[in-house]
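Visitor: Could you walk me through this model? I'd like the overall picture before the details.

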Amino acid sequence: MFRNHLLPLCLVGGLFTAGSSFAQVVTIPVETQHNALVLQTDANKNLKMVYFGARLSNTAEYARIQKMYNQKDDSGILNSAYTPSGSANLSEPAITVTHANGDKSLSLAYVSHEVTKVADDISLLTVTLKDPVYDFEVKLFYKTYFKEDVTEQWSVIKHGERGEVILNKFASANLNLKGDGFWLKQYHGNWAEEMRPEEARLTHGIKTIDSKLGTRANLYEPSMFAISVDKPATEDEGKVLLGALEWSGNFKIDFELDVADNLRLIAGINNAAAEYHLKPNEEFATPAFVYTYSDQGKGDASRKLQRWARKYKIVDGEGSRLTLLNNWESTYFDFNETKLAELLKDTKKLGVDLFLLDDGWFANKYPRNDDHAGLGDWQENKQKLPDGVSWLVKEAQNNGVKFGIWIEPEMVNPKSELYEKHPDWVIKQPNRPEKYFRNQLVLDLTNPKVQDFVFGVVDNLFTKNPDLAYIKWDCNAVIYNAYSAYLKKDQSHLYTDYVRGLYKVLERVRAKYPKVPLMLCSGGGGRVDYGALKYFTEFWPSDNTDPLERIFIQWEYSYFYPAITSSNHVTDWGKQPLKFRTDVAMMGKLGFDIVVSKLSEQDLDYVHGALKNYDNLKEAIWHGDQYRLQSPWDNDAASIMYVDNAKAKAVMFNYLVNNRYGTGTHVPIRLKGLDPQKKYQVKEINLYPGAKSPIENDLVLTGDFLMNVGVNPRVDKNRTSVVLELDEAR
């Protein structure tokens with residue numbers, strides 16, 4: 001969004017070419033409530049990004065920024081807003097093309113720009129660039145959310161040449177940052193090891209984070225990152241940009257520290273083995289790159305992104321969620337109607353909203369009794385479910401709960417009827433040995449018939465079972481031996497068109513079933529991005545549900561995704577007591593994957609009390625602001641809090657993460673986000689039956705005291721998990 005919901009336009013006279021023609025320098029400030037990105041043309045109509053940072057009070061002064069820098073730019077491309085290759089540019093390009101005649105040069109000159117007001121808080125800037133020699137056009141889009149300080153940026157590429165043009169590289173965004181040094185916080189991981197952070201200063205040259213997995217693209221390197229400017233930002237101090245690509249396939253993000261010590265950031269689809277053949281007048285739209293900036297630390301930046309996601313991106317982000325009981329940890333593939341009927345009774349006994357039936361309910365010729373067979377054959381297994389899913393839905397209703405089900409519709413086992421009938425629907429090289437990931441292959445979603453099939457998996461379930469209340473959508477394989485029988489000669493389109501095909505399916509699902517809760521799962525967090533999350537209500541962060549590990553995993557995810565999207569289940573992983581496991585899972589969308597019949601009476605009483613507290617606190621957790629008080633990476637105890645929008649209710653979660661002798665909280669932890677003028681009653685909740693709290697009864701403190709002095713939750717080896725509730729005192 002731009003100030004006053006309009007786009008300020010500054011014009012400064014300037015020489016266009018060496019001849020007698022004159023052209024005006026165009027300055028385009030792209031403003032949000034606190035920030036600004038400034039585009040500016042030079043005398044040769046090259047569009048540059050000359051500023052990124054805090055918004056200036058005087059809009060007219062944006063035009064003077066570039067004059068303050070004494071940087072030699074013989075090419076005229078330094079700080080380019082969208083860097084082309086093959087002409088004067090010598091830096092890493094945002095776009096590389098091969099014209100219809102084989103020429104690989106490209107120059108992009110500013111033509112025009114316009115602003116569309118999308119909504120009260122949202123504006124869309126469109127900047128048109130064209131090659132002076134070829135009929136080739138790039139439009140840059142900047143969609144800004146004024147109050148949230150968030151921008152989505154993407155490009156649309158089009159040409160009118162005689163013949164196909166090859167897009168060799170096609171980025172979504174090209175940002176330029178100035179500062180006294182830059183620090184990149186990136187992530188790496190694997191199955192059950194998601195979101196492992198690393199932070200280092202960027203040096204000259206190019207640092208790249210990318211994925212070439214095809215599907216499950218975030219498995220090894222997620223596409224989210226943070227850039228600190230001038231010095232490493234802390235939770236509450238420093239300049240920081242949070243960025244993420246809204247794309248569920250191969251991505252590439254380049255960070256280039258150039259000769260003038262500027263940081264050039266180029267983000268988009270990974271062009272490795274993915275050049276795209278563009279027909280005349282065909283448009284190629286890149287996925288959006290979303291980012292926010294703060295000069296008040298990582299915590300402030302993350303809250304901006306979370307607010308934006310809840311309001312504008314995720315499905316029903318300002319709505320409610322269902323608590324659930326999953327059967328996976330209690331039965332795995334070994335179940336029948338009798339077992340499931342007992343679990344449905346346990347769902348009611350536990351006190352949650354929904355029972356989720358996981359993997360293993362389908363296939364007959366090749367029954368799904370393990371992960372080697374049946375995937376792709378989505379009819380109910382007659383031995384396990386002789387009365388079908390519809391019987392389970394009705395049985396759930398009879399027990400006063402809802403019913404949900406697991407699917408993995410993008411994948412196929414070679415041992416399946418689907419594979420036998422449609423081998424041409426499978427991504428695999430025709431002349432090479434098949435290579436499996438978790439005993440399965442990926443279906444070819446570039447093929448419209450396969451898209452129809454995958455949509456049909458979902459649609460048939462709902463058509464037969466209108467009261468089905470929840471879908472867990474999994475994706476466990478990567479793409480090996482990439483080849484599409486459908487694409488024929490355009491094999492380099494596979495990685496891009498697969499994701500586009502997936503989105504077409506999800507668009508159809510959401511068009512017909514707009515509000516049904518869908519969980520996004522990929523063997524854990526292998527596919528967590530806003531390109532997919534616009535169709536889902538929540539995601540599965542990790543198959544690692546050890547609560548101690550989850551504190552670290554959830555901590556890092558929370559910089560980019562709000563708590564309402566994080567599916568956190570209480571399981572038997574780890575050595576921590578039930579209270580610890582439940583408290584950790586409450587910091588998001590709560591679920592259980594336990595054997596309820598094995599719970600003691602005290603355990604069950606504790607869960608009932610915790611669920612009651614959760615119901616009272618979920619407005620603050622799901623829709624409020626999150627504050628990280630004490631990092632698990634640097635302290636014996638981790639501390640996280642959530643504050644509702646009225647600053648009337650808050651909850652503070654505290655966990656012992658270092659069990660060495662004498663560890664714990666020995667001094668008060670200062671809270672954040674409260675109203676300093678209000679008084680808050682502080683009390684410990686989620687106490688295990690029979691336990692007594694050392695926290696003073698009827699403790700009432702001002703927000704001023706709590707934020708400047710704090711409160712000691714008294715975490716130690718005997719109190720490894722402590723939850724404090726704060727209510728405005730009346």
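Guide: Let's start with the whole chain and then go residue by residue.

Guide: This is a predicted model, so to speak of local features we need pLDDT of at least 70, and side-chain atom pairs count only at pLDDT 80 or more, while totals for chains, interfaces and linings use all residues. Residues are numbered from 1 along each chain as its sequence is written, and side-chain values use heavy atoms, with hydrogens and water left out.

Visitor: Fine. How many helices and strands does the chain have?

Guide: There are 12 helices and 36 strands. Both are DSSP runs numbered from the N terminus: helices are H or I with at least four residues, strands are E with at least two.

Visitor: And how compact is the chain for 730 residues?

Guide: As compact as a globular protein of that length, because its radius of gyration is 27 Å, close to the 27 Å from the globule rule. That radius is taken over C-alpha atoms, and the rule is 2.2 Å times the number of residues to the power 0.38. Along the principal axes, the C-alpha trace spans about 90 × 70 × 45 Å.

Visitor: What share of the residues is buried?

Guide: Of the 730 residues, 63% count as buried. Buried is under 20% relative accessible area, exposed is over 50%, and partly exposed is in between (1.4 Å probe, protein chains only).

Visitor: Switching to charges. How many positive and negative side chains are there?

Guide: The chain has 87 positive and 96 negative side chains, and the centres of the two sets lie 1 Å apart. Lys and Arg count as positive, Asp and Glu as negative, and His and the chain ends are not counted. Each charge is placed at NZ of Lys, CZ of Arg, CG of Asp or CD of Glu.

Visitor: How many salt bridges does that come to?

Guide: The count is 39, where a salt bridge is a side-chain nitrogen of Lys or Arg within 4 Å of a carboxyl oxygen of Asp or Glu. One of them pairs K169 with D254 at 3.0 Å, N to O. K169 sits in strand 10 (residues 165-177) and D254 in strand 16 (residues 251-257), so the pair ties together parts 85 residues apart in sequence.

Visitor: Are those two buried or exposed?

Guide: K169 counts as buried at 7% relative accessibility, and D254 counts as buried at 2%. Another bridge joins E256 and R264, with the closest N and O atoms 2.7 Å apart, and both of those residues are buried.

Visitor: What about E342, which residue does it bridge to?

Guide: E342 bridges to K345, the closest N and O atoms being 3.6 Å apart. The two are 3 residues apart in helix 3 (residues 337-350), so about one helical turn separates them. E342 is partly exposed at 43%, and K345 is partly exposed at 43%. Elsewhere, salt bridges that share partners join D316, R321, E538 and K589 into one network.

Visitor: Next topic, backbone. What is phi of K45?

Guide: Near 70 degrees, a positive value in a residue other than glycine. Most residues other than glycine have a negative phi. K45 lies in the loop between strand 3 (35-41) and strand 4 (47-54), and is partly exposed at 32%.

Visitor: And N281, where is that?

Guide: N281 is in the loop between strand 18 (276-278) and strand 19 (284-285). N281 also has a positive phi, about 70 degrees, although it is not a glycine, and is exposed at 55%.

Visitor: Last one: what does F284 touch?

Guide: Not counting residues up to four places away in sequence, its contacts include V156, I157, F170, Y276 and R500. F284 is in strand 19 and is buried, with a relative accessible area of 1%.

Conventions:
Contact = heavy atoms within 4.5 Å.
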